[in-house]
Amino acid sequence: MLEIEDIHVNRGGTHAVRGLSLTVGRGEIVSLIGANGAGKTTTLSAVSGLLRPRKGRILYRPDETAGAIDLTAMKAEQIVAAGISHCPEARQIFGNLTVTENLRIGAYLRRDAEGVAKDLADIHRRFPILEERGSVPGDKLSGGEQMMLAIGRALMSRPKLILFDEPSLGLAPILVEQIFDILEAVRADGVTVLLVEQNAAMALDISDRAYVIEAGEITLSGTGRELATNADVQRAYLGAA
Amino acid sequence: MTFPYLLDQLVNGLILGSMYALVAIGFSMIYGIVRLINFAHGDILTIGAFAGLAAFASADLPFPVVILIVLVAGAVVGMVIERTTFRPMRGSPQVTGFIASLAVSIILENLAIMILSAQPRTFHIPAYLNTLVHLGSVSVRVIDLTIVVLAIVLMIALVTFVRFTRIGIAMRATAENYDVARLMGININRMIMLAFAIGSALAATAGLMWGAKYGQISPLMGALPGLKAFVAAVIGGVGSISGAVLGGYILGLAEVLFVGLLPPALSGYRNAFVFGALIIVLLVLPNGLLGRNQETRA
Amino acid sequence: MSGRDTFLPKFAALALIGAGLVFWARSVLDPYALSIVMFVGINIILAVSLNISNGFTGLFSLGHPAFMTIGGYMTAILVMPAARKGLMLPDLPAFLAMQEWSFLPALVAGGLLSALVAVIVGFPVLRLRGHYLAVATLGLIFIVQSLAVNLDGVTRGALGLSGLPSLTTTWWVYGFVLLTLFVCWRLKHSSLGRTMLAIRENELAAACLGVKVARTRVFAFALGAFFAGIAGGLWVHVVTLISPDSFSFGLAFQLVVMVVVGGTGSITGASLVAAVLTLATEFLKPVEESLNLYGASQIAIAVGVILILIYRPAGLFGTAEPQPLNLIKRLGSRHTSPANSPE
């Protein structure tokens with residue numbers, strides 16, 4: 001569904017991503033794991049259009065039958081319209097907007113009022129706290145609540161592919177479990193997931209396939225299970241002796 | 001000090017406050033969305049006044065049409081300024097943008113003097129707007145009432161737009177975080193332009209009101225009111241629309257009462273008073289009365 | 001520091017050359033042209049001194065005109081014959097009314113008064129940053145104007161003081177230009193100057209290193225005000241009059257242009273642009289008149305500023321002091337200076 005071909009991306013003057021390629025298949029959960037500063041966020045930003053690759057291509061096939069769309073030079077707003085949603089790092093919900101407004105703005109591009117209302121109800125069902133605190137400004141929520149809001153907001157555009165940037169960052173372990181359950185539920189609903197994480201253990205646990213990124217390049221790839229049992233990965237990212 | 005005199009001053013304060021509020025809203029909207037002080041904002045007031053004068057003079061247009069023309073003129077000028085000066089500055093340090101907007105102000109003022117000559121002109125309004133209306137012990141002109149009512153109507157319309165409509169929410173989102181707004185599919189260039197258009201339209205309307213109220217306009221008339229409206233926006237909290245409204249009325253009333261109630265010897269200090277108030281507010285209440293700390297932007 | 005040991009001889013040599021030029025100008029040019037030369041010099045003093053606060057220390061101050069007004073009035077009042085003072089300025093305190101000073105002490109007094117005001121006003125106001133500071137200093141201009149208009153027993157109000165003796169000569173201006181350049185140059189290459197640059201670049205880091213940030217900022221502000229006050233005194237005795245709106249917002253913009261376009265932190269840059277701008281405005285005046293397009297030069301300058309801000313935001317020279325030989329090379333190349341415009 002998504003093919004990243006040998007992209008080079010600069011971020012803030014540094015050559016953050018160097019010749020990176022990866023693919024995401026329809027209906028999969030694919031993880032990109034690596035340390036701080038390895039280039040994970042840069043990669044996601046290149047896909048969602050916040051950054052433009054200097055070289056390389058990013059191709060996207062929204063449906064089985066449709067042709068490939070070249071995302072490389074597209075603007076972020078257009079990429080959203082094509083069905084890709086990016087849940088950014090540190091959640092970044094709109095503090096000045098209420099919870100419900102945050103959710104509604106996720107559906108900004110949609111024209112089907114009934115569909116939006118239904119999706120909103122679904123999200124309320126999945127995250128009852130968001131309905132309870134509907135008119136609370138976003139910046140008054142706790143970290144875990146904000147993460148749920150960010151996920152809900154990303155879902156409101158009814159995307160075909162969601163990019164998650166370190167959803168577990170800064171959350172208590174019990175919340176982290178919940179978040180990863182939600183990610184699996186999202187995939188079960190038919191949405192493809194590209195997940196970027198420092199928490200390698202949990203990410204690999206739910207992933208169909210995964211890639212390891214170091215200093216802007218992919219160093220390893222395989223299925224989730226393969227990488228989880230890989231000795232190097234265990235030593236570097238999974239805390240094994 | 002008689003009661004009718006005090007009432008008279010209050011009414012004048014309300015009228016001045018309405019005008020300051022409209023201009024202050026524009027400042028706050030623009031500041032809120034691009035984090036830059038638009039120094040040329042006061043000059044848009046001037047443009048509105050002259051547009052109004054032209055509209056009145058050219059044909060026997062009904063007042064609502066004149067208002068519409070002025071709104072459109074202001075919006076257009078605002079959008080041009082955004083596109084030519086502010087958009088290329090996006091991402092530059094604060095101070096660079098400020099200097100650029102100073103430059104725009106100088107350009108507009110000199111253009112106005114060149115095209116319109118520095119002489120003040122009388123602002124003619126139709127006779128029916130000049131008729132007196134008696135409310136209890138106070139008499140006001142119809143135009144005075146119209147100014148306050150129009151200001152309130154515009155403010156309510158704006159607040160409704162910003163709070164409840166899809167685009168209004170999108171504007172607020174853009175003001176908070178450009179990148180994430182784009183991730184929602186929002187075209188931030190359009191939102192920014194819209195903010196400039198609305199803010200400038202309101203400032204232009206204030207210019208129309210100013211001309212109608214004081215009967216005289218000149219090419220440099222907007223500079224000082226523009227600065228004072230900035231003070232009002234700061235008092236209320238820059239970036240907050242309701243703050244701008246509050247600040248506008250507080251400043252309008254304070255200025256009129258300052259002049260009206262203190263001995264005449266001190267009334268020449270009205271500008272010093274306003275700017276002194278600015279400095280004090282900036283030091284004591286940096287976020288104004290209703291503002292939030294808006295200095296960070298992702 | 002390279003260059004410091006050769007500084008004094010270099011400076012003395014340049015000063016002598018300059019003195020020669022002044023001597024030549026005085027013998028060759030007519031009084032009107034000479035007054036232009038004087039304005040160039042005064043603008044250099046203004047631009048270079050504004051560089052201390054805006055350029056080196058990164059404070060965005062628009063307040064120079066206010067200090068020029070203060071300095072100008074003080075100098076004019078001190079120089080004025082006592083009899084005249086009694087007539088025109090009835091509310092002047094007795095001890096002032098009796099003074100009749102010569103030019104130099106009066107100028108210095110004007111500068112010192114401006115500096116004093118800057119210190120008093122500076123401690124509160126300089127807590128602000130960025131464009132808020134800019135607007136606050138702009139407010140200073142209005143407040144000073146307001147005081148000048150209303151305290152008419154002391155300043156003769158809106159009428160201003162006219163018929164002042166034309167005491168300023170090219171030599172006076174030249175002398176103070178030399179003084180300003182000397183002080184600023186030494187400052188820039190001293191540890192205090194480096195402190196100022198540090199504050200401009202990263203205030204928090206500077207504070208963590210033990211820099212007394214507030215004090216340094218006020219000092220920079222006051223030093224700039226001192227020279228602005230002197231410049232005001234000099235100016236006023238060229239045009240032989242002063243009024244509350246002699247030095248206003250338009251001048252503030254022009255000065256900021258000189259600093260920003262010349263390069264925030266570059267003494268040479270600021271001086272160059274000051275000179276060029278003054279001369280350009282002067283030469284464009286007859287053009288404006290013939291085309292009946294008053295204000296066109298202002299518009300052209302403003303457009304130029306916008307273009308420079310878009311394409312060369314660090315100004316023409318950034319913080320660098322170009323050597324004459326590198327000058328042409330630098331201007332031609334895509335030279336980005338390490339320092340940015342002040343926050």
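Me: Hi! Quick one to start: how far apart are the nearest C-alpha atoms of chain A and chain C?
Reply: Hello! They are 14 Å apart, and chain A and chain C do not touch. Keep in mind that this is a predicted model.

Me: Thanks. Which chains have the most contacts, then?
Reply: That would be chains B and C, among the 2 pairs of chains that touch.

Me: Let's switch to chain A. In what order do the strands of the open sheet run?
Reply: The order is 2-1-4-5, with 4 strands and antiparallel pairing. Strand 2 (14–24) and strand 5 (69–70) of chain A each have a single partner strand, so they stand at the edges with one side lacking a neighbour in the sheet.

Me: How many bridges join strand 4 and strand 5 of chain A?
Reply: There are 2 bridges, in the antiparallel sense, and strand 4 covers residues 55–60. Leu59(A) has Asp70(A) in strand 5 as its bridge partner.

Me: And which strands does helix 1 of chain A lie across?
Reply: Helix 1 (residues 40–48) lies across strand 1 (2–11), strand 2 and strand 4 of chain A, at about 115° to strand 1.

Me: New topic: which residues form the nonpolar patch on the surface?
Reply: Leu246(B), Ile250(B), Ile280(B), Val284(B), Leu285(B), Leu289(B) and Leu290(B), with about 600 Å² of accessible area together. Helix 11 (241–261) and helix 12 (270–284) of chain B supply at least two patch residues each.

Me: Where is Ile250(B) found, and why does it count as partly exposed?
Reply: Ile250(B) sits in helix 11 of chain B. Its relative accessibility is 35%, so it counts as partly exposed, a class that lies between the 20% and 50% cut-offs.

How values were computed
Residues numbered from 1 in each chain as written. Chains lettered and ligands numbered in written order. Predicted model: local features only at pLDDT ≥ 70, side-chain atom pairs only at ≥ 80, totals over all residues. Heavy atoms only, no water. Pairing = 2+ DSSP bridges. Contact = heavy atoms within 4.5 Å. Axes fitted to C-alpha atoms, helices over the stretch in contact; angles between N-to-C directions. Patch = residues over 30% accessible without salt bridge, like charges linked within 9 Å, V, L, I, M, F, W, Y side chains within 5 Å. Areas by Shrake-Rupley, 256 points an atom, 1.4 Å probe, with all protein chains shown as cover. Salt bridge = Lys/Arg side-chain N within 4 Å of Asp/Glu carboxyl O. Buried < 20%, exposed > 50% of the residue type's maximum accessible area, 1.4 Å probe, protein only.
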